[in-house]
Amino acid sequence: MLVAPITSLQTWFPEHLVLPLWSEPQIPSDLVQSYQERNPNELLPDRAVFDITHPEIVVFEPEQSNGIGILLMPGGGYQRVSVDKEGADSARVLNQAGFTVFVMTYRMPNEGHEFGAWTPLADAQRAMRLVRQLPLASHLSSIGVLGFSAGGHVAASLATSYALDVYPLQDEADCVSAKPDFCALMYPVISMNTDIAHMGSRAELLANLECESEPPRFSLEKQVTSDMPPCFLLHASDDTAVSVENSVVFWLALRQHGIATEMHLFEQGKHGFGIRDAQGLPVAVWPQLLSAWLQNLAEGQSR
């Protein structure tokens with residue numbers, strides 16, 4: 001499988017607006033941003049970016065906007081970001097329903113970045129603020145987050161900790177709220193409890209924590225508050241990578257705090273199905289379920 005350096009996602013998406021998150025990010029000396037092509041079929045790429053040093057946002061605009069924006073965080077076990085399979089594939093399908101989608105890459109928590117384990121959250125906060133500053137955002141009535149797998153942990157971290165100060169002020173964009181208007185999570189990593197945690201993600205997140213009291217801070221079912229946005233959860237019960245209990249414990253915490261929540265559990269789907277691996281299974285309806293939830297949410301907020 002091809003492994004090669006890549007400096008910007010603009011190389012892959014020349015027809016799209018691509019925005020850097022940071023003007024001068026600190027770059028650990030041993031990192032060279034690269035990618036791996038995991039599918040020999042050039043018509044159906046499956047590219048994963050790793051050793052990310054320059055996180056970015058790729059803007060996918062629909063032909064006709066429905067007024068709802070989605071900041072999308074693909075997964076990758078906190079070791080890489082699956083740009084195509086969970087990112088661009090999902091964005092194009094959601095575009096067809098009128099959603100404006102912002103696919104982002106984010107840096108990893110265990111690669112020596114200046115914000116340590118908080119680095120993915122810093123990137124997510126910054127991304128939401130930059131998206132809200134874009135001219136096209138003036139035409140969007142709401143902007144929320146959608147995360148897959150470890151990207152679900154990033155998205156849920158933003159929903160629970162949008163106001164946490166994890167990086168210093170950069171520019172006027174950082175005066176904008178990072179709170180998402182909604183949070184949608186697909187087979188998300190949530191808990192650091194070893195009984196149900198995705199151990200790979202847990203290892204990356206907690207590797208350099210100095211205090212044993214800190215792990216619960218990254219166990220997001222323990223970080224739910226009444227100030228969170230509405231949430232949508234979807235998981236397959238046969239997921240052997242990220243246990244469905246991650247969604248269940250988050251749903252229970254959301255209910256306990258009175259957060260409007262919708263959850264869908266499917267018998268089949270395993271992990272990481274995205275768009276292409278969901279075909280032929282009942283779980284393939286997830287874009288329609290998410291779209292209906294978001295449209296209902298928008299209608300309820302406009303009343």
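**Close-up views of a predicted model**

**Figure 1. Buried residues of helix α4.** In this predicted model, helix α4 spans residues 199-206, and its residues S201, E204, L205 and L206 are buried. The cover over these buried residues includes helix α3, residues 150-161. An α-helix has 3.6 residues a turn, so residues three or four places apart point the same way.

**Figure 2. The open four-stranded sheet.** Four strands form an open sheet in the order β1-β3-β4-β7, and their pairing is antiparallel. Strands β1 (3-5) and β7 lie at the edges, each pairing on one side only. On average, neighbouring strands of this sheet are turned by 25 degrees against each other, direction ignored.

**Figure 3. Pairing of strands β1 and β3.** Strand β3 consists of residues 34-37 and pairs with β1 in the antiparallel sense over three bridges. Within this pairing, P5 stands opposite S34 of β3.

**Figure 4. Helix α1 against the sheet.** Helix α1 packs on the sheet, where it touches β4 (47-50) and β7. The direction of α1 makes about 45 degrees with that of β7.

**Figure 5. The largest pocket and its lining.** Rolling a probe the size of a water molecule over the atoms shows where empty space is left. The largest pocket holds about 210 Å³ of space. Its lining comprises 16 residues, and those nearest the centre of the pocket are G76, R80, S82, E86 and H271. Strand β7 (80-82) and helix α1 (83-96) each contribute at least two residues to this lining. Sorted by class, the lining contains nine polar, five charged and two nonpolar residues.

Key
Residues are numbered from 1 along each chain as its sequence is written. This is a predicted model: local features need pLDDT of at least 70, side-chain atom pairs count only at pLDDT 80 or more; totals for chains, interfaces and linings use all residues. Side-chain values use heavy atoms; hydrogens and water are left out. On a 1 Å grid over the protein atoms alone, a cavity is a set of points where a 1.4 Å probe fits but cannot get out, and a pocket is an open set with protein on both sides within 12 Å along at least five of seven lines; lining residues have an atom within 4 Å of a point. Grid points are joined across faces, edges and corners, and a volume is the space filled by probe spheres set on the points. Ala, Val, Leu, Ile, Met, Phe, Trp, Tyr, Cys and Pro count as nonpolar, Asp, Glu, Lys and Arg as charged, and the others, Gly among them, as polar. Buried means under 20% relative accessible area, exposed over 50%, partly exposed in between (1.4 Å probe, protein chains only). Contact means heavy atoms within 4.5 Å. Two strands pair if DSSP finds at least two bridges between them. Axes are lines fitted to C-alpha atoms, for helices over the stretch in contact, and angles run from 0 to 180 degrees between N-to-C directions.
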